[in-house]
Amino acid sequence: MSSEPLAVNVLLVDDLQENLLALEALIRQPGRRIFTARSGDEALSLMLEHSFALAILDVQMPSMNGFELAELMRGTERTRTIPIVFVSAAGRELNYAFQGYESGAVDFLYKPLDPHAVRSKVNVFVDLARQRQELQAAQLELQRAVNMRDDFMSLIAHELRNPLNSVYLQAQLRRKMLAGAKPPDPQAMLKMVERDERQIRSMVRLLDDMLDVSRARTGNLAIVPAPFDLAASARAVVEAIQAQAEGSGVALTLSAPQALPMVGDEFRIEQVITNLLTNALRYGQGKPVAVTVGTRDHEAFISVRDQGMGIAQADQERIFEQFERTEGVTQIAGLGLGLYIARQIVQAHQGRLEVRSAPGDGAEFILSLPLPT
């Protein structure tokens, strides 16, 4: 929560401008917005436009006095909860205070005003208003967290259901094959095992993403730096994913130097490259994907460029948040965690992960890391 004080509004109502100026000067402080009105009608108009922590009303005003204004305030849903402090130049013996409390006042001040008393009373109501604002903000944040948790559980259930169903169906099919009169075909069994392994890897990756999100939130994302070759890492990832690309009909190319020595967590950097390549295959609409490794401006970089649907400018930062994905891709599997985790890993290496894109013009994700000194 922000350390800056939450701004609150205070309304001053008096038919005399000099009284408004004096009172405003008395209570003005950082974090307060002071509104003034010289009639009841003007005050009601302001109250319909703004929320107020406190209304200080002069009792003796022409056309509509302070008591009449208070009664109108109490009769309207939007204004009935605004605390009212009456100000009167009349003596206490006229018993204005009693009439004021009947109209809904929470306090009464008599002229000439005691500056210390005025400031103290206003401070109390301003502090109460800030506490209400903080409570409302906390409630909204809590509700957002609850909604995020529910969405997360729904996504997890959806993402786990498909591979689990596939493994279950494969197990049933093997059971039938083993129960048949003919011995099962070893090649057919091997293909089933390979399909099982792919589905299990998908589930393990999903669980790893969940763990990485938890670690990133708590600042415990493990990074183990050591010398490694960034060009070799990129080649290893591209080779590992080449079969998936060929199966999707995607031409995957790599341009890299023979070697690019770096210091960092090789496993984590390969995790980032894998995520970027997987996304390029998912969202690249079957078009070629190009991976480029090199150096510039005292940094090493890896660029992953696809020719798919592209990403709107408004989405280009949002997609790096948890559970966020670009518009129009809900039909494509995924939790929206990969880019969030990737950026956390890159930032832990004092690097950057950025995207350059336009709708219909593909997307280029650029991983930049400082070169070792």
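Tutor: The model is predicted: local features require pLDDT of at least 70, side-chain atom pairs count only at pLDDT 80 or more, and totals for chains, interfaces and linings use all residues. Residues are numbered from 1 along each chain as its sequence is written, and side-chain values use heavy atoms, with hydrogens and water left out.

Helices (H or I, at least four residues) and strands (E, at least two) are DSSP runs, numbered from the N terminus. The protein has 9 helices and 12 strands in all. Of its 373 residues, 42% are buried, where buried means under 20% relative accessible area, exposed over 50% and partly exposed in between (1.4 Å probe, protein chains only).

With a relative accessibility of 78%, S63 counts as exposed.

Within α3 itself, G66, F67, L69, A70 and M73 are buried. These residues lie on the same side of α3, because they cover an arc of only 160 degrees around the axis (the arc is that of the directions from the helix axis to the C-beta atoms). An α-helix has 3.6 residues a turn, so residues three or four places apart point the same way.

The partner, α2 (residues 40-49), can be described in like manner. Its buried residues are G40, A43, L46 and M47. Viewed down the axis of α2, they fall within an arc of 120 degrees and therefore line one face of the helix. The exposed residues D41, L48 and E49 sit on the face of α2 turned away from that buried side. The packing partners of the buried residues of α2 are β1 (8-13), β2 (32-37) and α3.

As for the geometry of the pair, the axes of α2 and α3 are 10 Å apart and the packing angle is about 25 degrees. Axes are lines fitted to C-alpha atoms, for helices over the stretch in contact, and angles run from 0 to 180 degrees between N-to-C directions. The two helices are therefore roughly parallel (angles under 35 degrees count as roughly parallel, over 145 as roughly antiparallel, 65 to 115 as roughly perpendicular and the rest as oblique). Their crossing is right-handed; a crossing is left-handed if the near helix is turned anticlockwise from the far one by less than a right angle, and right-handed if clockwise. G40, A43, L44 and M47 of α2 are in contact (heavy atoms within 4.5 Å) with L69, L72 and M73 of α3. Among these, G40, A43 and M47 belong to the buried set of α2, while L69 and M73 belong to that of α3.

Helices α8 (residues 266-283) and α9 pack at about 145 degrees, with axes 9 Å apart. Here the crossing is left-handed. From α8, R268, Q271, V272, N275, L276 and N279 meet G338, L339, I341, A342, I345 and V346 of α9. Helix α9 (residues 338-348) is mostly covered, with 8 of its 11 residues buried. These buried residues are G338, L339, Y340, I341, A342, R343, I345 and V346. After α9 comes Q350, with a positive phi near 60 degrees.

D297 lies in the loop between β9 (289-296) and β10 (299-305); although not a glycine, D297 has a positive phi of about 50 degrees. At 67% relative accessibility, D297 also counts as exposed. A cis peptide bond joins K111 to P112, with omega near -5 degrees, and P112 is located in the loop between β5 (107-110) and α5 (115-179).
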